[in-house]
Number of protein chains: 2
Amino acid sequence: MTNKDPTAGRTRSEGSGRAARVRSRKQPVIERSPNGPLAGRFNPLTTGELERILESAYHVLETVGMEVMGDMPPAALKMLEEGATLSDHGRILIPRSKVEDALALTPKSFTLHGFDSDRSIEVAAGRPHFGTAGGAVSILDCETGEYRETGLQDVYDMARLVDTLPNIHWCYRSPIARDMETVELLDNNTAYSLLRGTTMPLGITLGSVQNVKNVTRMFDLALGGEGRFSETPIAHMVQGAGVPPLRFAYERCIIKEEAIRQGFPIMIASAPQAGATSPAALAGSVVQSTAEALAGIVYANTVKPGCPLTFAAWPFVSDLRTGAMSGGSGEQALLMAAVAQVALYLGIPSSVAAGMTDSKLPDAQSGFEKSLNIALAGHAGAAMIHESAGMHASLMGCCLESYVIDNDMLGNILRTIEGITVSDDMLSIAPIKEVNIDGAGHYLGESQTLELMQSEYIYPAHSNRNTIEEWKEAGSKSIVDRAMEYTKNTLENHHPTHISNEIDDKIRQAFDIRLSKEAIGRP
Amino acid sequence: MTNKDPTAGRTRSEGSGRAARVRSRKQPVIERSPNGPLAGRFNPLTTGELERILESAYHVLETVGMEVMGDMPPAALKMLEEGATLSDHGRILIPRSKVEDALALTPKSFTLHGFDSDRSIEVAAGRPHFGTAGGAVSILDCETGEYRETGLQDVYDMARLVDTLPNIHWCYRSPIARDMETVELLDNNTAYSLLRGTTMPLGITLGSVQNVKNVTRMFDLALGGEGRFSETPIAHMVQGAGVPPLRFAYERCIIKEEAIRQGFPIMIASAPQAGATSPAALAGSVVQSTAEALAGIVYANTVKPGCPLTFAAWPFVSDLRTGAMSGGSGEQALLMAAVAQVALYLGIPSSVAAGMTDSKLPDAQSGFEKSLNIALAGHAGAAMIHESAGMHASLMGCCLESYVIDNDMLGNILRTIEGITVSDDMLSIAPIKEVNIDGAGHYLGESQTLELMQSEYIYPAHSNRNTIEEWKEAGSKSIVDRAMEYTKNTLENHHPTHISNEIDDKIRQAFDIRLSKEAIGRP
């Protein structure tokens with residue numbers, strides 16, 4: 001029996017929505033629809049180049065195909081019954097027609113729900129949204145300038161900090177709760193900390209089929225009863241099906257199958273490193289990761305035709321001098337923009353990774369690497385931009401203050417994606433005539449100027465626009481100094497209460513929750 | 001009598017070219033042609049929107065026209081004889097046909113010469129190059145964290161520092177020599193300090209007709225004799241003709257006329273602030289600044305048909321809460337990308353301003369604001385990107401270390417403008433088959449990987465890619481720390497010697513040069 005009102009059962013605190021947060025900030029922010037602005041103005045590839053890349057990916061799937069690591073998972077067997085073939089080398093060869101059928105079944109968009117329905121987002125090709133991703137094993141303490149190991153408290157702190165940042169649209173745990181002894185504890189407590197910390201849509205990765213069932217049950221409890229999660233899935237699943245190059249892995253496949261059955265939208269992830277697990281040539285890396293993601297899309301549609309998913313070819317960059325990952329480079333920006341363009345061309349939503357600075361600190365390097373990567377991915381039309389805030393050290397570290405700083409950056413980038421409105425009014429012939437022919441010679445008092453102040457312009461929260469003198473009088477602070485103040489204040493005061501104590505008790509009875517009631521600010 | 005070899009008379013130190021500098025760095029850098037990569041992959045406006053903006057700009061020139069501040073300058077009188085008309089309000093109305101004629105005369109590209117001819121650049125629509133601009137009245141001392149007034153030594157220091165940075169392609173003085181008592185001293189000494197400090201192309205602004213003549217003479221002396229500058233102009237002139245909104249100013253116009261006669265390529269600058277001296281609507285600000293730049297192009301072609309110039313509509317952003325300029329915003333990025341696109345559509349080279357952070361420090365704000373603005377301007381096809389390094393505080397400040405940091409950023413951005421090479425080889429079908437079907441299962445030892453290591457990837461100079469452990473062992477430094485070391489070392493050791501002592505003596509005899517011989521490291 002399904003309940004007709006999908007929001008029933010949720011306890012929402014008064015004024016917990018985006019509009020309320022915006023109001024409380026006392027700074028104008030351009031209100032955006034859940035659809036987001038329309039992107040696709042940046043085209044790293046020509047149409048001809050795009051088609052060559054896709055032809056190559058199809059060719060790779062037909063002639064090289066996918067290896068299977070471990071046992072043959074159920075949906076792989078089914079793929080073989082339904083048109084895929086096994087090569088002499090034991091690899092699964094996937095005909096182009098089968099990929100095209102899967103693409104035709106793939107939804108052009110889907111809703112990723114927030115616990116607060118005002119924060120739900122529409123995931124669609126060419127409509128960029130920004131979120132966090134993982135997985136950092138160290139976290140920078142800006143007070144001491146040193147990194148320490150991450151733990152469960154960091155997951156909760158990160159979630160409730162991000163909860164207050166309007167340009168971040170979904171929350172996945174960046175820090176890994178390394179203090180959890182088992183994968184079950186890790187998965188359950190990570191899910192709980194995110195659920196508890198924010199009302200925005202969530203992202204999650206789970207380590208076993210059973211954990212998928214468990215976490216779905218936890219989300220059902222939070223949403224008001226069995227089956228509620230599948231009606232309004234408040235989390236998407238970040239779950240690779242394979243291990244590059246061109247391999248399905250049994251363990252990952254069966255988790256993915258369960259997640260699809262439970263109603264999680266699935267990110268079809270393939271994350272090879274150019275020069276190591278994919279070709280060093282950027283074009284070749286796009287080809288291979290596209291082939292891998294397309295194979296994953298065929299796989300997902302074999303489990304459940306038409307299930308919501310994102311095309312998540314994530315071609316990573318290695319620094320070929322050392323073999324280590326480098327997430328902040330221009331090459332990385334090109335790769336992610338290219339796969340975003342591939343998905344836009346295919347008309348399906350994409351997930352990309354952008355914002356993975358190599359810097360260990362929230363410094364200028366961090367700023368320019370993140371900004372370049374995220375801006376190009378966004379303008380190329382990526383639907384979901386993961387890793388867009390808080391990350392450092394090529395994903396090995398994170399920093400709370402960086403979420404705050406990066407939120408300002410994301411506001412700037414979003415503004416550019418909104419674009420320039422060209423209309424008779426905005427072309428401003430009338431004000432130009434008025435001011436210049438008979439008028440004041442300036443536009444300061446024009447009615448248009450006052451009207452557009454809060455619709456045409458955004459005002460950042462922590463980026464400083466003072467004069468040198470004003471800035472000096474205010475203590476010569478960097479954006480890190482200002483973010484530290486905001487972070488401290490938020491962690492002291494912001495304990496989201498959208499999960500009622502009654503439901504919280506039920507979750508605590510059903511699961512071994514390691515975040516104490518005190519830690520979450522409840523009696 | 002012109003000399004047949006335009007490089008004769010120049011004293012070039014052995015190995016002073018780009019290739020030598022690159023070699024000495026011991027890090028692979030992608031070699032670029034002076035033409036630069038082809039951009040235009042980012043299109044903030046649709047073709048329809050572009051055409052509406054241009055139609056509106058033409059309409060403004062025909063119906064509102066240009067006011068003249070002060071006396072009517074010679075070329076304005078000539079414009080009136082040649083098709084422009086005076087309105088009832090005394091404004092110069094310019095018919096569309098006259099603008100189109102001027103655009104047809106405007107060179108699609110021109111060479112901006114370096115004293116070192118290896119560093120000459122081809123200025124062309126859609127071929128981005130990066131340079132410095134001005135004009136800061138304060139400079140940040142990274143040791144103390146404090147700003148102080150700028151002086152002549154700063155101009156020289158900035159020039160010789162920038163001289164070592166491969167991703168900066170021309171040099172204009174960012175810091176203003178505030179210790180010069182007269183405009184003549186200021187202009188001559190600024191020109192001398194740039195000429196002395198770097199072999200790359202220069203940019204300059206001069207305050208009187210006489211100073212244009214004087215500085216041309218200085219450049220002639222440096223290049224080997226009278227008339228040499230006009231053969232290989234080693235500097236372009238940054239010289240607005242007007243004062244927004246829609247005004248020619250007599251004093252600026254006559255300087256511009258002299259500069260054109262002396263052979264300087266001219267940046268046709270119009271820099272209104274949206275909401276103050278142009279409409280608050282972004283589209284309207286693009287319309288007005290486009291109209292102003294087009295009027296300037298008509299003006300320049302009236303002085304000398306076909307003279308080399310850049311379309312430099314610079315629509316600036318005001319923070320409408322305070323009226324102060326804000327150079328780092330997303331709105332600013334959109335505006336500059338839009339005017340770059342206008343120029344690309346017209347087929348003429350553009351100058352834009354991007355990299356004007358509002359931050360007072362080389363911090364994360366600085367990084368993300370600069371990167372967003374420069375990347376979008378570059379991908380939109382701007383020919384010359386001014387203000388691309390070293391600037392702070394919405395152009396009121398600069399910082400030596402920031403040139404070094406920003407050079408790394410510019411390398412990243414340039415790499416994205418280079419784009420992805422899509423060819424049979426780079427699509428990598430052969431390595432994919434080899435590695436996956438019979439091969440090692442990874443690409444580390446592939447011949448393609450080794451071949452592409454230095455052509456497909458760039459390696460930054462100061463951006464850190466170490467692991468957290470390695471970074472900690474090396475002292476947990478930020479990119480500012482590393483840039484400080486580089487800056488200190490460069491200023492101690494790098495005194496360019498491309499001007500011979502004999503020529504230097506001649507310049508010192510002809511001009512009151514306030515940089516001592518000791519300051520420039522010569523006997």
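**A walk from helix 2 of chain A**

Let's start inside chain A: in helix 2, the buried residues are A:Glu49, A:Leu50, A:Ile53, A:Leu54, A:Ser56, A:Ala57, A:Tyr58, A:Val60 and A:Leu61. Keep in mind as you look around that this is a predicted model. Helix 2 covers residues 47–63 of chain A, 17 residues in total. From first C-alpha to last it reaches 24 Å, close to the 24 Å expected at 1.5 Å a residue.

What do the buried residues of helix 2 of chain A pack against? Within chain A, their partners are helix 4 (96–105), helix 10 (282–303) and helix 11 (330–346). Chain B takes part as well, through its helix 14 (424–427) and helix 15 (429–438). Helix 2 of chain A therefore makes a handy bridge in our tour, as its buried residues pack against helices of both chains.

Now step back to chain A as a whole. Its secondary structure comprises 19 helices and 20 strands. The radius of gyration of chain A is 23 Å, close to the 24 Å that the globule rule gives for 523 residues, so the chain is as compact as a globular protein of that length. Along the principal axes, the C-alpha atoms of chain A fill a box of roughly 80 × 60 × 50 Å. Of the 523 residues in chain A, 63% are buried.

Our last stop is a sheet in chain B. Three of its strands form an open sheet in the order 6-18-17, with parallel pairing. Strand 6 (129–130) and strand 17 (351–353) of chain B stand at the edges; each has a single partner strand, so one side of each is left without a neighbour in the sheet. Strand 17 of chain B pairs with strand 18 (residues 384–386) of chain B in the parallel sense, over three bridges. To find this pairing on your screen, look for B:Ser351, whose bridge partner in strand 18 is B:Met384.

Methods
Residues numbered from 1 in each chain as written. Chains lettered and ligands numbered in written order. Predicted model: local features only at pLDDT ≥ 70, side-chain atom pairs only at ≥ 80, totals over all residues. Helix = DSSP H or I, 4+ residues; strand = E, 2+ residues; numbered from the N terminus. Rg over C-alpha atoms; globule rule 2.2 N^0.38 Å. Buried ≥ 20, exposed ≤ 12 C-beta atoms within 10 Å, placed from the backbone. Pairing = 2+ DSSP bridges. Expected span 1.5 Å × (residues − 1). Contact = placed C-beta atoms within 7 Å.
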